[in-house]
Amino acid sequence: QVQLVESGGGLVQAGGSLRLSCAASGSIFSINAMGWYRQAPGKQRELVASINRGGRTNYADSVEGRFTIARDNAKNTVYLHMSSLEPEDTAVYYCNANINTQPITVPYAYWGQGTQVTVSS
């Protein structure tokens, strides 16, 4: 069994910063790509940022230059540092990780429970 536990959401004023963390635990053999998605009310879930095991990153255009994704492979943890936050960043943020629980298996996509980020104007 694998769990992803997120932390770090909350309420912040526009222009402020927050850091989200997501730790994977359980029966983990290896973790491939990790990422953060978000879903605002009435909208589809969208990719915010992703990072592969080697550290290569990818960002949505809307957060490029403001958000930074990083991971600590030794701790099975991914981070999302968000700065210059805007009211449009308000959403539930979900952690995602593609995890092998055994060698030579197809990785499975696991999700965290979500953490609310609210940016006030």
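Student: Which residue does a disulfide join to Cys22?

Tutor: The disulfide joins Cys22 to Cys95, with the two S atoms 2.1 Å apart. Before we go on: this is a predicted model, where local features need pLDDT of at least 70 and side-chain atom pairs count only at pLDDT 80 or more, while totals for chains, interfaces and linings use all residues. Residues are numbered from 1 along each chain as its sequence is written, and side-chain values use heavy atoms, with hydrogens and water left out.

Student: What makes the pair of Cys22 and Cys95 a disulfide?

Tutor: The rule asks for a pair of cysteine sulfur atoms within 2.5 Å. Cys22 and Cys95 have theirs at 2.1 Å, so the pair passes the cut-off. By this rule the count comes to one disulfide. In general, a disulfide is a covalent bond between the sulfur atoms of two cysteines.

Student: Why is the disulfide of Cys22 and Cys95 called left-handed?

Tutor: Look at the torsion about the S-S bond: it is about -80°, so the disulfide is left-handed. The two cysteines come from distant parts of the chain, Cys22 in strand S3 (residues 18-26) and Cys95 in strand S9 (residues 91-100), 73 residues apart. Strands here are DSSP runs of E, at least two residues long, numbered from the N terminus.

Student: What makes Cys22 count as buried?

Tutor: Buried means under 20% relative accessible area, exposed means over 50%, and partly exposed is in between, using a 1.4 Å probe and protein chains only. Cys22 has 0% relative accessibility, so Cys22 counts as buried. Cys95 also comes out at 0%, so Cys95 is buried too.

Student: Now the sheet. What is the strand order, and how is the pairing set?

Tutor: The open sheet has four strands in the order S1-S3-S8-S7, and the pairing is antiparallel. Strand S1 (2-7) and strand S7 (67-72) are called edge strands since each pairs on one side only. From one strand to the next the twist averages 15°, taken from axes that are lines fitted to C-alpha atoms, with angles from 0 to 180 degrees between N-to-C directions.

Student: How do you know that S7 and S8 pair?

Tutor: Two strands pair if DSSP finds at least two bridges between them. S7 and strand S8 (residues 77-82) have six, in the antiparallel sense, so they qualify. For one of these, Arg71 has Val78 in S8 as its bridge partner.

Student: What makes Arg66 and Asp89 a salt bridge?

Tutor: A salt bridge needs a side-chain nitrogen of Lys or Arg within 4 Å of a carboxyl oxygen of Asp or Glu. Arg66 and Asp89 meet at 2.8 Å, N to O, so the pair passes. Arg66 lies in the loop between S6 and S7 and Asp89 in the loop between S8 and S9, 23 residues apart.

Student: And how far apart are the closest N and O atoms of Arg66 and Glu86?

Tutor: They are 3.9 Å apart, so the pair still meets the 4 Å rule. Arg38 and Glu46 form another salt bridge, at 2.8 Å. The whole structure holds four salt bridges.

Student: Last topic, the core. Which residues have the most contacts inside the largest nonpolar core?

Tutor: They are Trp36, Leu80, Met82 and Tyr93, in a core of 31 residues. S9 supplies the largest share of this core, five residues. A nonpolar core is a set of buried Ala, Val, Leu, Ile, Met, Phe, Trp, Tyr and Cys residues joined through side-chain atoms within 4.5 Å.

Student: Why is Met82 called buried?

Tutor: Met82 has a relative accessible area of 0%, so Met82 is buried. Met82 sits in strand S8. Leaving aside neighbours within four places in sequence, Met82 is in contact with residues including Leu18, Leu20, Phe67, Tyr93 and Val117, where contact means heavy atoms within 4.5 Å.
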